[in-house]
Amino acid sequence: MNYENILSETSNGIATITINRPKKLNALNKATIQELHNAFDTADKDPNTKVIIVTGSGEKAFVAGADISEFSDFNVEEGAKLAAKGQELLFDFIENLSTPVIAAVNGFALGGGLELAMACHFRLASTNAKMGLPETSLGVIPGYGGTQRLPQLVGKGRAMEMVMTAGMINANQALHYGLVNHVVEQEELLSFTEKIAGKIMRNSTVAIAEAIRAINANYTDGMDGYEVEIEAFGNCFGTEDFTEGTTAFLEKRKANFPGK
Ligand code: COA
């Protein structure tokens, strides 16, 4: 599929989606959000795609936020609609995909950019990465899930400080906060991310999908995560992957999961 604002390519089971507006530091405008939705949806539905990586083009930015030029004249209703539509199309959508999504944060991840990274299942960063939710410096608050996901990842006090000061943290501080799992040099970021993707790909895709669902349930209002885990655990026993995984272990060989 042809996109104007992103690049999407799949090789060896990994779909790499690159936000490609480097002159605007990959800021998320409406069109980019729609294209990202389409690319994530396509990758998730492709049985050959086992892991999705999202990153930004250029050396400077992952994503420097929502495109400020698009909403600076919005009123109350339009503001609320912007947040609701974005959350539905992209941020909640990514979080609930069955295919693992890794954010490779290669530079600035600000506002909607950090919110995009936080909607992914986990994050890796390059040493030059800078992260923050600067919205209060613009007279607004994070609207793509940032007020919810940041405290989940770093704790309430740190999230409050980051949002109130509108400041940026560097990659090492993000690592210390648990916001990113690993920090590597920028030129190694994609190969390192692919290495982790490779480890994921050895395992059962159906079990991973159930695990994502169960872990997410912990953060979903009105859901009992333990109940979801019990149901998801039970589901695994009805899969060919379970038969293959346990048989391979007992036969002392590597599992070759059919992904069913
Ligand atoms: N929305 C729209 N355009 C953006 C943008 C955003 N979130 N972030 C950067 N850009 C654009 C700039 O307007 C500039 O465009 P121009 O060359 O047409 O003037 C271009 O990207 C380069 O940005 P610039 O500010 O010149 O780069 P810098 O290196 O001096 O500063 C940042 C980098 C990230 C510190 C700065 O761009 C910034 O503060 N961006 C906004 C971050 C933000 O508040 N995000 C939350 C939005 S809710």
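Which side chains meet in a salt bridge at 2.8 Å, N to O? They belong to Glu-244 and Arg-253. A salt bridge here is a side-chain nitrogen of Lys or Arg within 4 Å of a carboxyl oxygen of Asp or Glu. With 14% relative accessibility, Glu-244 counts as buried, while Arg-253, at 35%, counts as partly exposed. Buried means under 20% relative accessible area, exposed means over 50%, and partly exposed is in between (1.4 Å probe, protein chains only).

Before going on, keep in mind that this is a predicted model, where local features need pLDDT of at least 70 and side-chain atom pairs count only at pLDDT 80 or more, though totals for chains, interfaces and linings use all residues. Residues are numbered from 1 along each chain as its sequence is written, and side-chain values use heavy atoms, with hydrogens and water left out.

Back to the salt bridges: the structure holds 8 of them. One joins Arg-149 to Glu-95, with the closest N and O atoms 2.9 Å apart. Arg-149 sits in helix α5 (residues 146-154) and Glu-95 in helix α3 (residues 76-95), so this pair ties together parts that are 54 residues apart in sequence. Helices are DSSP runs (H or I, at least four residues), numbered from the N terminus. Both Arg-149 and Glu-95 are buried, and together with Asp-92 they are linked in a network of salt bridges.

Another pair is Arg-213 and Glu-231, whose closest N and O atoms are 3.5 Å apart. Here helix α9 (residues 205-217) supplies Arg-213 and helix α10 (residues 225-236) supplies Glu-231, so the pair ties together parts 18 residues apart in sequence. Arg-213 counts as partly exposed because its relative accessibility is 35%, and so does Glu-231, at 42%.

Now for the ligand. It is surrounded by 16 residues, and the closest are Lys-24, Lys-60, Ala-64, Ala-66 and Ile-68; to be near, a residue needs a heavy atom within 4 Å. By class, this shell has 9 nonpolar, 2 polar and 5 charged residues. An oxygen atom of the ligand is 2.5 Å from an N or O atom in the side chain of Lys-60. The backbone takes part too: a ligand nitrogen is 2.9 Å from a polar backbone atom of Ala-66, and a ligand nitrogen is 3.0 Å from a polar backbone atom of Ile-68. Taken alone, the ligand exposes 850 Å², and the protein buries 60% of that.

Definitions and conventions. Polar contact = N/O pair within 3.5 Å; in protein donor to acceptor, adjacent residues only side chain to side chain. Areas by Shrake-Rupley, 256 points an atom, 1.4 Å probe, with all protein chains shown as cover. Nonpolar A, V, L, I, M, F, W, Y, C, P; charged D, E, K, R; others polar. Helix = DSSP H or I, 4+ residues; strand = E, 2+ residues; numbered from the N terminus.
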